[in-house]
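Colleague: I have a structure open and would like to go through it with you. Can we start with the surface and then work inwards?

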Amino acid sequence: MAFQADKMDGKTVTSAAVQKGVTRRSGLLYLGGGGLVAASVPVNVWAASKQATAHKLAAPAIIGNARPTAPLVMLDPGHGGKDPGAIGYTGTYEKHVAEAAAQELKRQLLATGRYRVAMTRAGDHFVPLDGRVELAQQHGASLFISMHADALHSPQVRGASVYTHSHGASDSQTADLAKTENSADRYGGPMVHSASPEVQQILASLVTEETRKGSAHMAQAVVSAFNSRVLLLPHPHRHAAFAVLKSAQIPSVLVEMGFMSNRMDEAALRQAGHRAMVAGAMRDAVNRYFASAGVGLAG
């Protein structure tokens with residue numbers, strides 16, 4: 001029986017501009033609805049308008065007990081479209097598991113009333129790795145969570161794990177996993193190219209120390225939340241040069257909910273009840289992260 005991803009309202013952030021190969025350039029404005037519109041405003045008109053209104057600008061007033069804007073959590077279901085990700089023993093596609101789990105996590109996070117939530121894809125679409133990072137940056141995300149259920153060479157290995165970005169890999173298994181994940185752009189055709197190792201190293205050097213600490217803190221929160229509910233790999237917090245985790249300003253983690261290469265992990269992740277449990281643990285990890293990070297919560 002073919003696995004079907006859970007269907008939601010479909011009102012999440014889409015990546016249409018990324019999928020069509022559209023890039024932002026000067027003279028174009030990005031609209032919240034996903035479109036692009038030409039902005040051919042003469043320089044002298046812009047300058048005059050700026051001078052005329054400069055004296056009127058002031059910091060917005062805080063009225064009464066107005067709450068701060070809720071932090072935005074960007075969920076990134078791995079793979080999608082022509083990229084199926086790992087394929088399990090019974091034909092389960094990782095891309096479907098990842099989206100179904102992300103939709104459930106989105107539902108649980110929104111139910112808390114504490115967060116805004118967006119997704120890099122809301123449907124079976126291919127999104128390049130750089131496009132996923134760019135979407136998080138465009139929307140001013142406070143936290144980026146990439147969700148996966150990949151495959152390993154050994155079918156005996158099972159359990160969840162969480163990964164953060166670094167120059168070198170914590171172990172050979174993680175190095176292989178990062179290599180597989182970073183090759184996902186091959187499905188995008190000749191218009192999509194992964195950055196060279198040299199460029200990747202330069203980008204990694206731009207990640208701030210504060211961002212690294214935030215990523216590590218979120219990873220620890222995931223491990224703690226999973227510990228009593230979800231089977232974990234030994235040393236479950238690992239690191240490698242994952243391209244999708246390279247944002248310089250947004251704490252980012254990649255969560256492997258299990259492995260399609262293991263029969264028991266695949267069977268568990270096919271079940272909505274198990275995915276809800278995984279999502280519940282991740283929701284608790286997000287709560288713990290923001291509570292201790294001192295980020296203003298709406299509620």
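Modeller: This is a predicted model. The accessible surface of the protein chain comes to about 15100 Å², and carbon and sulfur atoms account for 57% of that surface.

Colleague: What percentage of the residues count as buried?

Modeller: Of the 299 residues in the protein chain, 46% count as buried.

Colleague: And how many helices and strands are there?

Modeller: The chain has 9 helices and 8 strands.

Colleague: Let's do the sheet. What is the strand order?

Modeller: The order is β4-β3-β5-β8-β6-β7, in an open sheet of 6 strands with mixed pairing. On average, neighbouring strands of this sheet are turned by 20 degrees against each other, direction ignored.

Colleague: Why is one side of β4 and of β7 left without a neighbour in the sheet?

Modeller: β4 and β7 (232-240) stand at the edges and each has a single partner strand, so one side of each has no neighbour in the sheet.

Colleague: How do β3 and β4 run, parallel or antiparallel?

Modeller: They run parallel, joined by 4 bridges. L72, for instance, has R116 in β4 as its bridge partner. Between the two strands the chain passes through α3, and this β-α-β crossover is right-handed.

Colleague: What about the other end, β6 and β7? How many bridges join them?

Modeller: β6 and β7 are joined by 5 bridges and run parallel. Here V162 has H237 in β7 as its bridge partner.

Colleague: Now helices. Which strands does α7 lie across?

Modeller: α7 lies across β5, β6, β7 and β8, at about 175 degrees to β6. Helix α4 (residues 129-138) lies across β3 and β5, at about 165 degrees to β3.

Colleague: On to the inside. Which residues touch the most other members of the largest nonpolar core?

Modeller: Those are I145, M218, F226, V255 and V286, in a core of 38 residues. Elements that each supply at least two residues of this core include β5 (143-148), α7 (209-227) and β8 (252-256). α9 gives the most, with 8 residues.

Colleague: Take V255. What is V255 in contact with, leaving aside neighbours within four places in sequence?

Modeller: Its contacts include I145, V162, V222, F226 and M282.

Colleague: And which residues are in the other core?

Modeller: That core lies apart and has 22 residues, among them F144, A184, L245 and F259.

Colleague: Last one. Of contacts with a separation of 6 or more, what share comes from residues 24 or more positions apart?

Modeller: Such residues account for 84% of those contacts in the protein chain.

Terms used
Residues are numbered from 1 along each chain as its sequence is written. This is a predicted model: local features need pLDDT of at least 70, side-chain atom pairs count only at pLDDT 80 or more; totals for chains, interfaces and linings use all residues. Side-chain values use heavy atoms; hydrogens and water are left out. Buried means under 20% relative accessible area, exposed over 50%, partly exposed in between (1.4 Å probe, protein chains only). Contact means heavy atoms within 4.5 Å. Accessible areas come from the Shrake-Rupley method with a 1.4 Å probe; for residues, only the protein chains shown count as cover. A nonpolar core is a set of buried Ala, Val, Leu, Ile, Met, Phe, Trp, Tyr and Cys residues joined through side-chain atoms within 4.5 Å. Two strands pair if DSSP finds at least two bridges between them. A crossover is right-handed if, with the strands pointing away from the viewer, the path from the first strand over the helix to the second runs clockwise. Axes are lines fitted to C-alpha atoms, for helices over the stretch in contact, and angles run from 0 to 180 degrees between N-to-C directions.
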